[in-house]
Amino acid sequence: MFRGAVRGDLPQILKIYAHARAVMKASGNPTQWGTSFPPQDLIEEDIDTNRLFVYLHNGEMEAVFAFV
């Protein structure tokens, strides 16, 4: 199920982005997102402007994306 992200999702969203950066680095793409993209203030702006969405499977957050 997809739904709009809320501020309460932020800790899990940050974990998902950290995992994505690690996977990108491990697969030979260490510079696209570096060590800190997207920054937390951008994520919060995306939540506040209803551009950030999460995907839940069996109640667990598995993905996050910005629809801009």
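This is a predicted model: local features need pLDDT of at least 70, side-chain atom pairs count only at pLDDT 80 or more; totals for chains, interfaces and linings use all residues.

Me: Then why is Asp48 called partly exposed?

Reply: Asp48 has 46% relative accessibility.

Me: What makes Asp48 and Arg7 a salt bridge?

Reply: The closest N and O atoms of the pair are 2.5 Å apart, and the definition asks for a side-chain nitrogen of Lys or Arg within 4 Å of a carboxyl oxygen of Asp or Glu. Arg7 sits in the loop between β1 and α1 and Asp48 in helix α2, so the bridge ties together parts 41 residues apart in sequence. Arg7 counts as partly exposed because its relative accessibility is 42%.

Me: How many salt bridges does the structure hold?

Reply: There are 5. One of them joins the side chains of Arg51 and Asp46, at 2.8 Å from N to O. Asp46 is buried, since its relative accessible area is 8%, while Arg51, at 22%, counts as partly exposed. Shared partners also link Arg7, Glu44 and Asp48 into one salt-bridge network.

Me: And Asp9: buried or exposed, and how do you know?

Reply: Buried. Its relative accessibility is 9%, and the cut-off for buried is under 20%. Asp9 has a salt bridge too, with its side chain meeting that of Arg3 at 2.8 Å, N to O. Arg3 has 26% relative accessibility, so Arg3 counts as partly exposed.

Me: What makes a group of residues a nonpolar core?

Reply: The largest core here has 12 residues, among them Leu10, Ile13, Val54 and Met61. Two or more residues come from each of α1, α2, β2 and β3, and α1 gives the most, with 4. In soluble globular proteins, nonpolar side chains tend to be buried together.

Me: Which residues does Met61 touch, leaving aside neighbours within four places in sequence?

Reply: Met61 is in contact with Arg3, Asp9, Gln12, Ile13, Ile16, Val54, Tyr55 and Leu56.

Me: Last one: why is Phe2 called exposed?

Reply: The cut-off is over 50%, and Phe2 has 54% relative accessibility, so Phe2 counts as exposed. Phe2 lies in strand β1. Together with Phe65 and Phe67, Phe2 forms a nonpolar surface patch with about 360 Å² of accessible area.

Methods:
Residues are numbered from 1 along each chain as its sequence is written. Side-chain values use heavy atoms; hydrogens and water are left out. A nonpolar core is a set of buried Ala, Val, Leu, Ile, Met, Phe, Trp, Tyr and Cys residues joined through side-chain atoms within 4.5 Å. Buried means under 20% relative accessible area, exposed over 50%, partly exposed in between (1.4 Å probe, protein chains only). Contact means heavy atoms within 4.5 Å. Patches are made of residues with over 30% relative accessible area and no salt bridge: like charges are joined within 9 Å, nonpolar side chains (Val, Leu, Ile, Met, Phe, Trp, Tyr) within 5 Å. Accessible areas come from the Shrake-Rupley method with a 1.4 Å probe; for residues, only the protein chains shown count as cover.
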